[in-house]
Structures are given as C-alpha cells and as structure tokens.
Amino acid sequence: MSLSDLPILYSFRRCPYAMRARLAIAASGVSCQLREVVLRDKPDALRLASPKATVPVLVLPDGRVIDESLDIMRWALAIHDPCHYLQPGQGLHEQMEALIAANDGPFKKHLDCYKYPDRHTDDEQFTEATRFSALHRAQASEILMGLNARIEQEGYLVGKTPCLADLAIAPFVRQFAQVDRAWFDAQPWAALSSWLVNFQSSTLFASIMGKYPAWTPDSEMVLFPAG
Ligand SMILES: N[C@@H](CCC(=O)N[C@@H](CS)C(=O)NCC(=O)O)C(=O)O
C-alpha cells in the first residue's frame with residue numbers, strides 16, 4: 001500500500017474534538033495522512049467529504065467518511081488498542097459512556113458559556129456577561145468535582161487504568177483549566193489537577209500536539225502519528 005492510500009484526517013491542532021481523535025489514532029498506532037485545517041478557511045476537500053465541515057473528519061481509503069470524533073476514536077481503537085482503552089473493566093462500560101455523554105452535553109455547554117460570554121462595552125451588559133460566565137463556570141465545576149471524586153477513589157475516571165473516557169474528556173478539562181489557570185489551580189480538586197498534569201505531560205499528548213502548516217492541495221503529505 002502506498003502512503004497516499006492511508007486514511008486522511010482533517011484536524012485542527014487546538015480543537016478538543018480533533019485532539020481526542022488524534023489521541024486515539026496515536027494510541028492505536030494506525031497511520032493516517034494529517035491535513036491541518038484553518039477553521040475560517042476550510043478546504044473544499046473537507047466540505048466535499050463532510051458537508052457539516054466540522055473537524056475532525058476521517059476519510060477512509062474505501063471512501064467511507066467518519067465525521068464524529070468519538071466514532072473516529074472507536075474506529076482507531078477497534079483496529080488496535082494496546083492499552084485496552086475500550087475495555088474499562090467488567091460492568092464499567094455504562095459509566096464510561098455516561099461520563100462521555102455528560103462531557104459532550106452539559107459540560108461542553110457550560111465550558112463554552114464560561115469561555116465565550118458575550119463581551120459588551122456597555123457597563124451593565126459587561127457585568128451581565130461576567131455574571132453569566134461565572135454561573136456557567138460554577139455549573140461546569142460541579143461536573144468537575146464529580147470527576148475529581150472518581151479520580152480520588154480509583155486513579156482514573158473509570159477504574160484504576162485510563163480508558164476511552166479519560167482520552168475523550170481530558171482535552172475539554174484542559175480547555176476549561178486554560179481559561180483562568182490561577183483560578184483552576186486554586187480549586188479543591190487536587191486529584192483532577194494531577195490527572196490533568198499527568199495527561200498534559202504524557203508522551204501520548206506530546207505526540208499529538210505537533211504544529212503543521214495549513215493543508216492545501218499542493219501540500220506535502222504529513223504522516224500521523226509522526227514516524
Ligand atoms: N460533534 C463533533 C463536533 C466537532 C466540532 O464542533 N469541532 C469544531 C472545532 S473544535 C468545529 O469544527 N467547528 C466548526 C467551525 O468552527 O466552523 C465531533 O465530535 O467531532
């Protein structure tokens with residue numbers, strides 16, 4: 001098989017959804033061609049493959065398109081899962097799925113409202129936006145306290161070893177922490193903080209955060225994970 005027959009991954013370095021897809025692909029060791037996308041200037045090839053044009057999108061050699069990050073994770077790990085991320089232990093699948101659903105639903109919503117409250121120059125509206133942001137930070141924090149309790153008990157989100165939920169959720173917790181690092185570090189969630197530090201200092205995370213120029217049809221092929 002030639003390199004140009006590898007699956008194509010449209011990705012954006014800082015997008016948490018794209019990060020988790022890259023994490024699973026890197027963990028599986030499955031090779032892809034990576035195409036870095038600039039969201040404000042998406043390539044036609046991405047729109048053609050997936051009209052909703054979100055990242056990540058994976059185009060398989062047989063033409064199938066996977067345009068949901070969780071589906072890309074499951075696809076890669078179904079091929080090769082040396083760390084058993086898809087097997088959190090007997091009876092724990094439901095917990096794993098419920099945690100991911102809570103992250104992708106309510107937590108993501110609160111994260112966005114915390115991170116991007118409408119900022120207006122008008123004083124009254126500015127105060128309103130600040131209040132709105134604080135409210136959503138508090139609601140997201142309740143979910144994070146739940147994660148903290150789980151990590152405190154077992155070491156990871158679901159049991160004593162990392163699973164799909166850890167990979168799928170960590171990029172979003174990282175984004176939350178980065179909004180106001182000093183505030184995050186002052187919260188009573190030591191177990192969650194060290195889980196996040198371990199994730200961010202892992203070789204797996206380093207392996208997915210390489211910087212690439214935006215892809216164009218004339219670009220050289222980028223092999224991912226890097227050889
Ligand atoms: N449910 C999708 C969500 C992906 C998503 O929303 N990605 C964002 C970037 S973080 C995006 O592509 N947004 C479209 C845009 O900004 O134009 C998934 O899990 O893959």
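Modeller: Let us begin with helix H7, which covers residues 181–185: Asp185 and Arg181 are four residues apart there, so about one helical turn separates them. Please bear in mind that this is a predicted model.

Colleague: What do the side chains of Asp185 and Arg181 meet in?

Modeller: They meet in a salt bridge, with an N to O distance of 3.5 Å.

Colleague: How many salt bridges does a search of the whole structure find?

Modeller: The search finds eight. Among them is the pair of Glu97 and Arg74, whose side chains meet at 3.1 Å, N to O.

Colleague: What about helix H5, residues 123–154?

Modeller: In helix H5, Glu128 and Arg131 are three residues apart, which means that about one helical turn lies between them. Their side chains form a salt bridge of 2.8 Å, N to O. Glu128 is partly exposed, with 44% relative accessibility.

Colleague: Now to the ligand. Which residues are around it?

Modeller: The residues around the ligand are Cys15, Tyr17, Leu39, Lys42, Thr54, Val55, Pro56, Glu68 and Ser69. By class, this shell divides into five nonpolar, two polar and two charged residues.

Colleague: Which atom of the ligand is 2.6 Å from the side chain of Lys42?

Modeller: An oxygen atom of the ligand is at that distance from an N or O atom in the Lys42 side chain. For Val55, a polar backbone atom is 2.9 Å from an oxygen atom of the ligand.

Colleague: And what does the side chain of Glu68 contribute?

Modeller: An N or O atom in the Glu68 side chain is 2.8 Å from a nitrogen atom of the ligand.

Colleague: How much of the ligand's accessible area does the protein cover?

Modeller: The ligand has 510 Å² of accessible area on its own, and the protein covers 70% of that.

Key: Residues numbered from 1 in each chain as written. Predicted model: local features only at pLDDT ≥ 70, side-chain atom pairs only at ≥ 80, totals over all residues. Heavy atoms only, no water. Salt bridge = Lys/Arg side-chain N within 4 Å of Asp/Glu carboxyl O. Helix = DSSP H or I, 4+ residues; strand = E, 2+ residues; numbered from the N terminus. Buried < 20%, exposed > 50% of the residue type's maximum accessible area, 1.4 Å probe, protein only. Near = heavy atom within 4 Å. Polar contact = N/O pair within 3.5 Å; in protein donor to acceptor, adjacent residues only side chain to side chain. Areas by Shrake-Rupley, 256 points an atom, 1.4 Å probe, with all protein chains shown as cover. Nonpolar A, V, L, I, M, F, W, Y, C, P; charged D, E, K, R; others polar.
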